[in-house]
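Me: I would like to go through the labels given to this structure and check each against its cut-off. Please give the value, the criterion and the conclusion.

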Amino acid sequence: MTRALIMKKWAIYALYGLFPIWLLDAYILSRYPIGSLTPQLLPLTVVCIAVLEGAYAGTGFGLATGFLWTVTYPGTMSMRILLLSLVGLLVGILAQYALRQSFPGYLLCSAATCAVLNAMNIFRESLTHSAPLSVLLGVGIGETILTLLWSPLIFFLFGRIFSRVGGTRLA
């Protein structure tokens, strides 16, 4: 694949995949929480790219998505840039060597990613004693479930883009 085609491919991923999901996440779902719970869709996009494209692409996409998440969401830790890059790398390695490039593999990796992100949030909030642990666990589990309900849409969207931009199956 030439450099121009690679740039076009990632522009299509950003324009038709990441941008609509970010708009949905930032401007619609965050404004209308379900019982004070809001899903986090950006990590699912990184997981999807890592499953479909592999470790290198997942790491780069995680870096860009983490930067977008940090810049556009107030009060977000800049550590998320590194965290989403790491998610892209680890999920990409799993997809290349242990899992299939399929929805079940994506769902498994998405659930693990959501669990880790929410566990980190629970740990951070428990250190500041902002709420009892039972409340934090309830919110974390609820947000994980709510986020995973969006995973079929994200996998379908990025899977369609993957098939159109000349994506090839790993291993």
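Predicted model: local features only at pLDDT ≥ 70, side-chain atom pairs only at ≥ 80, totals over all residues.

Me: How many aromatic pairs does the structure hold?

Reply: The structure holds nine aromatic pairs.

Me: What makes the pair of Trp10 and Tyr13 tilted?

Reply: The ring centres of Trp10 and Tyr13 are 4.9 Å apart, and centres within 6.5 Å count as a pair. The planes stand at 35°. Stacked needs under 30 degrees and edge-to-face over 60, with the rest called tilted, so the pair of Trp10 and Tyr13 is tilted.

Me: Where do Trp10 and Tyr13 lie relative to each other in helix H1?

Reply: Trp10 and Tyr13 are three residues apart in helix H1, residues 3–29, which means a separation of about one helical turn.

Me: Why is Trp10 called partly exposed?

Reply: The relative accessibility of Trp10 is 25%. Buried requires under 20% and exposed over 50%, so Trp10 falls in between and counts as partly exposed.

Me: Is Tyr13 buried or exposed?

Reply: Tyr13 has 0% relative accessibility. The limit for buried is under 20%, therefore Tyr13 counts as buried.

Me: What makes the pair of Tyr13 and Phe158 stacked?

Reply: For Tyr13 and Phe158 the distance is 6.1 Å centre to centre, with 25° between the planes. The pair limit is 6.5 Å, and planes under 30 degrees apart count as stacked. Phe158 is buried, as is Tyr13.

Me: Which parts does the pair of Tyr13 and Phe158 tie together?

Reply: Tyr13 belongs to helix H1 and Phe158 to helix H7, residues 151–164, so the pair ties together parts 145 residues apart in sequence. Ring pairs also link Trp10, Tyr13, Phe61 and Phe158 into a cluster.

Me: How do you know that the charged end of Arg80 sits over the ring of Trp69?

Reply: The charged end of Arg80 is 4.3 Å from the centre of the Trp69 ring. The distance limit is 6 Å, and a position within 35 degrees of the ring normal is also required. Arg80 is listed as sitting over the ring of Trp69.

Me: Why are H5 and H7 called oblique?

Reply: Helix H5, residues 103–127, packs with H7 at an angle of about 125°, their axes 11 Å apart. Roughly perpendicular covers 65 to 115 and roughly antiparallel starts over 145, so H5 and H7 are oblique to each other. H5 passes H7 in a right-handed crossing.

Me: What makes H2 oblique to H5?

Reply: H2 and H5 pack at about 140°, with axes 9 Å apart. Roughly antiparallel needs over 145, so H2 is oblique to H5. Here too the crossing is right-handed, with H2 passing H5.

Me: Why is Thr113 called buried?

Reply: Thr113, in helix H5, has a relative accessible area of 8%. Buried means under 20%, so Thr113 is buried. Leaving aside neighbours within four places in sequence, Thr113 is in contact with Pro43, Val47, Val87 and Val91.

Me: Why is Ser36 called exposed?

Reply: Ser36 has a relative accessible area of 59%. The limit for exposed is over 50%, so Ser36 is exposed. Ser36 lies in the loop between H1 and helix H2 (42–53).

Me: What phi does Ser36 have?

Reply: Ser36 has a positive phi of about 70°, although it is not a glycine. Most residues other than glycine have a negative phi.

Notes:
Residues numbered from 1 in each chain as written. Heavy atoms only, no water. Phe/Tyr/Trp six-rings, centres within 6.5 Å; stacked < 30°, edge-to-face > 60°. Helix = DSSP H or I, 4+ residues; strand = E, 2+ residues; numbered from the N terminus. Buried < 20%, exposed > 50% of the residue type's maximum accessible area, 1.4 Å probe, protein only. Axes fitted to C-alpha atoms, helices over the stretch in contact; angles between N-to-C directions. Parallel < 35°, antiparallel > 145°, perpendicular 65-115°, else oblique. Left-handed = near helix turned anticlockwise from the far one by under 90°. Contact = heavy atoms within 4.5 Å.
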